[in-house]
Amino acid sequence: MAIQAHLVELERKHKVLENELHEALLHLSTDDLEIAELKRRKLMVKDEIERLRQQSDETVH
């Protein structure tokens, strides 16, 4: 069950980054590097979520 708890936390973190990115895109003064960094972090979290889901599926089967 530790994987499930970690997945929930990563999904929460992904949503927070998604909201931050959305807010940054709304403000014209946001630096392109900041937007790129938010996108990079969001993608890293998404990749980790997918990796854990695959690992969890392999454990179940």
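The model is predicted: local features require pLDDT of at least 70, side-chain atom pairs count only at pLDDT 80 or more, and totals for chains, interfaces and linings use all residues. Residues are numbered from 1 along each chain as its sequence is written, and side-chain values use heavy atoms, with hydrogens and water left out.

The chain holds two helices and zero strands (DSSP runs numbered from the N terminus; helices are H or I of at least four residues, strands E of at least two). Its radius of gyration is 14 Å, well over the 10 Å given by the globule rule for 61 residues, so the chain is more spread out than a compact globule. That radius is taken over C-alpha atoms, and the rule is 2.2 Å times the number of residues to the power 0.38. Along the principal axes, the C-alpha atoms fill a box of roughly 50 × 15 × 10 Å.

Of the 61 residues, 23% are buried (under 20% relative accessible area; exposed is over 50%, partly exposed in between; 1.4 Å probe, protein chains only). Contacts (heavy atoms within 4.5 Å) were taken between residues at least 6 apart in sequence. Of these, 70% join residues at least 24 apart.

His22 lies in helix α1, which spans residues 2-26. This residue counts as partly exposed because its relative accessibility is 46%. The C-alpha atoms of His22 and Ile35 are 9.4 Å apart in space, with the two residues 13 apart in sequence.
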